[in-house]
Amino acid sequence: MVRGRDACWEHCVLVDATRQKVKCNYCRREFSGGVYRMKFHLAQIKNKDIAPCSEVPHEVRDHIKSILNTPKKQKNPKRAKLDQAAVNGQESSSSASGGTPPLHGFNGENGSPCPSIMFARHSPPAIDDVQKQKQDNADKKIAAYFYHNAIPFSAAKSLYYQEMVDAILECETGYKAPCAEKLGGKLLEKVKVDINDCYKRLGDEWKETGCTILCDCWSDGRAKSLVVFSVACAKGTMFLRSVNVSDHADDPHYLFGLLESVVLEIGVKNVVQVLTDSSAGYIYAGRLIMDKYPSVFWSPCASHCINKMLEDFSKHDWVNVVLEEANTITKYIYSNDWILDMMRKFSGGGEFVRPRITKFMAKFLSLRAFVIQEDNLKHMFSHGEWLSSIYSRNPDVQAIKSLLCLERFWRSAREAVTVSEPLLKLLRIVDGDMPAMAYMHEGFEKAKISIKAFYKDVDEKYMPIWDIIDRRWSMLLQSPLHAAAAFLNPSVFYNSSFKIDSRIRNGFQEAMTKMASEDKDKVEITKEHPVYINAKGALGTEFAIKGRTLNAPADWWMGYGYEIPTLQRAAIQILSQPCSLHWCRWNWSTFNGVHGKKQDRLELDRFNDLVYVHCNLWLQAIVRSKDGKCKPINFDEIDVGAEWPTETEVACTLLLG
């Protein structure tokens, strides 16, 4: 890979020269295989496992497409020299005789034009101008459609946007766009059929990997409560339906009935766990599910648990003080457009406000941004441009400048950021749309070790924070899946630093007892268990050993666990599950049309179909943007400053015309 030889390098960066891994400058996705494969990504051309870039500018896409479509020149240096010599000879001959050189593009025998040569050498430049005018006009028409209908500009990031345009281009001239009646009728039904086909394909995956029923609830704080049911597996998530539970939000038996209906719809044998929040009603309903269906686990949301850890930590006096002080600075900066623009200039476009994420996560991420931008903030308030502005004479700014010069503020800020960062990393893992069950135990242990090391093993410093983590973590351990997942994750289990305590062993045993419903399965797991413990047979080969850290845990079991098939099946099902509800951040206004004002039956059915199609297309777009592969997670490489899945703009309110 030699940089500088290919125009594509302007739009990507080299990440790993050894593995020829490059990163897209627009969607930040990484690919192995060098710049050649990146071209297909940027040109939005589907090529094996290369996902088209959803954020590449049109002009870049068209430029890269033209590069791919341009045939490579044949390298024949001898032929090139002969041709040049012939041309030089003709020119010398013509000059000597005083005649004019023969016209290129005409046959020497009869003077007739040779079209192939003429068009190759004399393509009129005006065509480019005409094409550019057409493209500019098309861009303006699309923009006018966005503006007239108040469509958010983020809609242009949708992968369905370019697919729509490409499909139109494949039609002949005179294509008529579908009318409103067709959009709300036949076409809605056709897309719903496509989604149901996807539902069936996911159903086939559930038989092998199992699935998790996600029960996400929302309340307006007054009288309205909604629940959204979806089903998740390693290959994607499927929206099922929303239910208005306003009159029964605290009735565990009613909630149990709802959960049971979804379990039966998906199939008891396919369901590994039911994931809910930690309110009393859902805890009780989850236990009723486990009592009636012994092979099904109930688990609380891990994201909710970690958010509670951050909340508990923020209640420490010194932490609360520094968070409030940082909030005071943030409010001042964001209260005025001129000050905000200046901050962005000095911080290189940095932000201190993170919308669409949970309250305490946002507070600690904001504080982290302050620590990163410490020097830039101090420089801004001492710069001539600031000192010459009218804002520098505002009495309020003196308090802000005093805080920024206060060493106690920065010392507390750095400490709070260092302590919270391991928890934010763990939250970033579970909030991703990926099977994170395998990494929970390791993540908590690494967080505790990191915090202890920061405080140099001083008990009175780190133990209060450990107590917060252990108290909330014990809530998650009500589900033995987390312990079993740690035991079955090869990157954790075979690590020399991993200590198998009684909680891990007991959790694994309990999980196996629930999943092996028949006696013959229990016997097989008992026989196969030592093979895994001692890495015998295929589990101890060179490839299996390398794969412990290079493969996602479930993929590792698929590839190397074939000699112990009963334990293999249980491991794949456990390691393929998510452990958080929060990555799927619904826009609850989407469901208002279904559970809001009264409608006639036909209108309600149509709106239900629209919500069903809309939510599932959104979920499918998330899966398609990931390359469809689960990658192993490295705790140390998690960047909490990057955009979180919950920060991406989600569905708008749906309206029927």
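Predicted model: local features only at pLDDT ≥ 70, side-chain atom pairs only at ≥ 80, totals over all residues.
Two strands count as paired if DSSP finds at least two bridges between them. I start there because strands of a sheet pair through backbone hydrogen bonds, either parallel or antiparallel.

Take strand β4, residues 211–219, and strand β5, residues 225–233. They pair in the antiparallel sense over eight bridges.

Strand β2, residues 21–24, and strand β3, residues 30–32, are antiparallel, with three bridges. Lys 23 has Glu 30 as its bridge partner in β3. The β2 and β3 hairpin has five residues between its strands, and Arg 28 takes a positive phi there, near 65°.

Now the nonpolar cores. The largest has 102 residues, and the members that touch the most others are Leu 488, Met 512, Tyr 532 and Trp 557. Helix α18, residues 407–430, gives this core its largest share, 12 residues. What does Met 512 touch, leaving out residues up to four places away in sequence? Its partners are Leu 488, Ile 525, Leu 567, Ala 570 and Ile 574. Another core, of 47 residues, lies apart from the largest one, and its members include Cys 233, Leu 259, Val 296 and Phe 607.

Thr 209 lies in helix α8, residues 186–209. Is Thr 209 buried or exposed? Its relative accessibility is 4%, so Thr 209 counts as buried. Beyond its neighbours within four places in sequence, Thr 209 is in contact with Cys 233, Val 272, Met 558, Ile 572, Gln 573, Ser 576 and Gln 577.

Next, helix α15, residues 374–382. Its buried residues are Glu 374, Leu 377, Met 380 and Phe 381. Why do they lie on the same side of α15? Because they cover an arc of only 130° around the axis. The elements covering these buried residues include α12, α13, α14, α16, α17 and α18.

On α18 itself, consider Arg 411, which is placed in that helix. Arg 411 has a relative accessible area of 46%, so it is partly exposed. Arg 411 and Val 322 are 89 residues apart in sequence, yet 9.5 Å apart in space, C-alpha to C-alpha.

Last, the cysteines. A disulfide is a covalent bond between the sulfur atoms of two cysteines. Cys 579 has a relative accessible area of 1%, so it is buried. Cys 615 is likewise buried, with a relative accessible area of 1%.

Conventions
Residues numbered from 1 in each chain as written. Heavy atoms only, no water. Buried < 20%, exposed > 50% of the residue type's maximum accessible area, 1.4 Å probe, protein only. Core = buried A, V, L, I, M, F, W, Y, C linked by side-chain atoms within 4.5 Å. Helix = DSSP H or I, 4+ residues; strand = E, 2+ residues; numbered from the N terminus. Contact = heavy atoms within 4.5 Å. Arc of directions from axis to C-beta.
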